[in-house]
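Please read it with the sequence and the structure in view.

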Amino acid sequence: MKSGISFRKKNRLKTGKNFSRHSPRRKFLAVLVLSAAAVLLCVFIYHPLRRMLNPDSAAGEQQKLPPQLLLSYMNLISEKEYETMYDMLDLEASGYPDKEDFIKRNSSIYEGIAMQDMEIEIIGYDKEQETVSYRTSFDTAAGAVSFENEALFFKQEDGYGLVWQDSLIFPELRASDKVRVSTVQAKRGDITDRNGVLLAGWGTAASAGIVPGKLQDRKQAVAEIAELLEMEPEAVMRKLEAKWVKDDSFVPIKTIPAVREIDLLSEEPDKDAVREKKRQEQLLEIPGVMITETSVRHYPLKQAASHLTGYIQNVTAEDLEEHAGEGYTANSVIGRSGIEGLFEKELKGSNGCRIYIADADGKARSELAEIPVQHGQDIRLTIDAGLQQQLYEQFQEDKSCSVAMNPFTGEVLALASTPSYDSNDFIMGISSQMWTALNEDENRPLYNRFRQKWCPGSTFKPVIAAIGLETGSIDPQEDFGNEGLSWQNGASWGGYFVTTLHAASPSTMENALICSDNIYFAKAALKIGADRLETFLQKLGFGTQLPFEINMAQAQYANEGHMEDEIQLADSGYGQGQVLISPLHLASVYTAFCNSGTVLKPYLVYKPKKQAQEWIPDAFSEQTAQRVLEGLKKIVNYPQGTGFGLHRDDRLLAGKTGTAEIKASKDDHTGTELGWMAVMTPDKSEERPVLIVSMAEDVKGRGGSGYAVARLKEVLGYWFEQDQNVP
């Protein structure tokens with residue numbers, strides 16, 4: 001523009017005209033020239049200022065000054081726009097003129113360290129040197145990283161170009177260096193019983209694998225290996241064809257049980273161990289197969305505690321998405337059920353991570369960030385492994401559930417469900433055939449019965465007796481009259497009768513408890529009345545969640561929230577009708593009879609200092625609790641009592657039997673029966689206190705509640721024969 005002005009001045013001189021200094025025309029031209037100069041001066045001042053204040057204006061991206069360019073470049077890192085970053089470089093002055101090398105270098109470092117949430121602050125700009133000083137910080141897999149650095153720009157025809165060097169990523173980084181990420185895997189915590197006996201922890205298994213280069217006839221060998229490992233040949237081939245596999249690689253195919261010599265040398269060798277030993281010998285006969293030791297999650301009690309412990313599995317893509325930001329990686333495991341799932345956060349721990357710069361020889365030369373490993377917490381439960389095993393073994397052939405508690409502390413000593421599955425199978429890699437068999441088994445081994453609610457039958461009668469006494473509806477000395485073995489409350493019941501196997505005589509509360517008279521308790525429920533009974537059952541936790549670490553089904557007294565008629569109310573009196581309760585909830589209510597009427601809160605995580613926690617303080621008065629307890633003692637200790645089969649001369653026991661009919665309607669005579677037994681040590685001086693509630697399905701024709709009584713006799717024998725006190 002300056003040359004333009006000079007050109008016009010020259011033209012004016014060439015005209016040869018002599019203008020008077022004060023002529024009107026000369027004055028006009030002077031004003032015109034001054035105005036033009038003012039406009040041009042504004043242009044000179046405005047455009048650079050506008051570019052600085054508004055770098056994204058029509059001047060274009062290339063007209064940004066270095067500080068703004070650096071901000072744009074750093075934003076592109078977070079967006080993984082590596083190609084656009086490359087386009088901002090001065091290629092002649094930069095260290096990576098090749099685009100692919102530039103993209104690979106940046107992406108591998110930034111994504112390898114899991115960079116996110118980058119922040120940048122410009123702290124200086126040297127216009128002469130065209131350098132920008134900045135401070136940056138971002139999060140990584142090993143924690144936060146922050147540093148100060150400097151970026152250099154070169155002036156180009158269309159703007160500025162960034163001079164890229166490796167040190168732009170980290171000030172200490174050289175072209176020959178590598179940024180390394182080292183992960184220390186957190187050890188998953190153990191699950192133990194109250195005595196330190198392992199319920200879930202780390203053990204040794206065998207890893208069956210293949211060295212591909214040693215296979216002689218790949219197709220035939222893979223088919224044989226797949227058959228022995230209960231896998232599809234295609235699954236084995238996929239592992240062999242992974243990109244990392246070389247001829248001399250050991251390719252793990254499947255984790256299988258380790259064979260212990262002690263299991264083979266005993267007088268009666270373990271059948272599973274013998275079978276596994278034979279399979280491994282057959283595998284090793286195939287050239288190219290190797291079997292090595294590996295560390296795996298191990299569940300020593302197997303089927304006896306699998307519903308309690310649950311199991312772990314490798315994380316899936318869905319897990320990684322659901323638990324984003326919680327420290328899981330593609331190599332992590334996660335608890336799927338039971339205690340493994342319930343205490344996943346505590347058990348898993350946090351992996352350690354270290355990010356550092358290594359030289360060409362792999363030697364660390366600069367630490368960037370580090371998070372120390374935090375191993376998972378061990379979870380110690382109140383469970384007694386021996387009692388857990390005994391309950392499982394006694395009922396393993398049945399569809400059943402059992403719970404055991406300390407009636408004076410609320411500690412849960414056992415939670416068993418049968419039939420069961422083996423958590424170890426899921427660790428080894430459960431086959432599709434086994435998974436199908438578990439799901440299609442009519443006995444439902446995957447179904448956790450101790451978490452469900454069931455019809456309690458006569459084990460509910462002590463609860464009705466206590467409610468009747470507490471509400472003043474029942475005089476315990478009143479004789480309700482002998483009705484024989486069947487009774488109905490008038491013609492309005494039509495053809496429906498309450499029946500009983502034993503009629504109390506005289507028909508008083510204690511006698512009715514001892515011989516388990518259904519008719520007495522049907523009448524008792526009618527005396528209490530639906531409204532009072534429902535209100536009291538709500539007080540006992542019906543319709544609310546049992547306060548316990550494991551979620552249990554909520555107890556109910558009616559399907560629709562209210563008892564529909566007199567017959568349903570009468571049936572509820574002896575634990576039928578629509579009354580449903582989990583065995584742990586029922587056991588918790590029974591603690592009131594040992595604790596002056598207060599219902600204790602059950603708990604599963606061990607506490608060194610035993611301190612009972614009240615769930616429902618003064619649910620019953622001390623007098624009511626004591627009167628009902630006297631009846632429960634006689635049920636076990638009187639020859640005419642239905643629970644006399646558990647009587648012991650060396651221990652005072654109390655309890656209640658129960659047989660619940662499961663039928664489709666009132667007229668159904670083909671339904672099955674549930675056999676119940678609730679037994680406890682009511683004496684607070686007892687060295688090995690226990691309260692057990694067991695239920696077995698399908699006991700019709702097998703002794704009813706007597707079936708459960710016989711099995712608990714063996715369990716109690718084991719429990720009381722132990723020398724040590726419960727810790």
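The points below take up a cavity, a helix and several salt bridges.

1. The model is predicted, and every point in this note should be read with that in mind.

2. One cavity of 30 Å³ or more is found in the structure. The space in the largest cavity comes to about 30 Å³. Its lining is made up of Met74, Tyr110, Met118, Thr136, Phe138, Phe147, Leu168 and Ile169. Of these lining residues, seven are nonpolar and one is polar, while no charged residue takes part.

3. Helix H24 runs over residues 705–721, which makes 17 residues. At 1.5 Å a residue the helix should span 24 Å, and the 25 Å between its end C-alpha atoms agrees with this. Buried residues of H24 include Tyr707, Leu712, Leu716, Trp719 and Phe720. Among the elements that cover the buried residues of H24 are helix H14 (385–395) and strand E16 (412–418). Strands E21 (654–662), E22 (672–680) and E23 (691–696) also belong to this cover.

4. The structure contains 24 salt bridges. In one of them, the side chains of glutamate 367 and arginine 354 meet, at 2.5 Å from N to O. Glutamate 367 belongs to strand E13 (residues 364–371) and arginine 354 to strand E12 (residues 352–358), so the pair ties together parts 13 residues apart in sequence. Glutamate 367 is partly exposed, its relative accessible area being 45%. Arginine 354 also counts as partly exposed, at 25% relative accessibility.

5. A second pair to examine is arginine 702 with aspartate 398, a salt bridge whose closest N and O atoms are 3.1 Å apart. This pair links distant parts of the chain, 304 residues apart: arginine 702 is in the loop between E23 and H24, and aspartate 398 is in the loop between H14 and strand E15 (400–405). Arginine 702 is partly exposed, with a relative accessible area of 37%, whereas aspartate 398 is buried at 4% relative accessibility.

6. Lysine 523 and glutamate 483 form a further salt bridge, with 2.6 Å between the closest N and O atoms. Lysine 523 is in helix H19 (residues 518–528), and glutamate 483 is in the loop between helix H17 (461–470) and strand E17 (486–487), so the pair ties together parts 40 residues apart in sequence. Here lysine 523 is buried, with a relative accessible area of 10%, while glutamate 483 is partly exposed at 36%.

7. Finally, a network of salt bridges links Arg188, Arg297, Glu340 and Glu344.

Definitions and conventions:
Residues numbered from 1 in each chain as written. Predicted model: local features only at pLDDT ≥ 70, side-chain atom pairs only at ≥ 80, totals over all residues. Heavy atoms only, no water. 1 Å grid on protein atoms, 1.4 Å probe; cavity = no way out; pocket = protein on both sides within 12 Å on 5 of 7 lines; lining within 4 Å. Points joined across faces, edges and corners; volume = space filled by probe spheres on them. Nonpolar A, V, L, I, M, F, W, Y, C, P; charged D, E, K, R; others polar. Helix = DSSP H or I, 4+ residues; strand = E, 2+ residues; numbered from the N terminus. Expected span 1.5 Å × (residues − 1). Buried < 20%, exposed > 50% of the residue type's maximum accessible area, 1.4 Å probe, protein only. Contact = heavy atoms within 4.5 Å. Salt bridge = Lys/Arg side-chain N within 4 Å of Asp/Glu carboxyl O.
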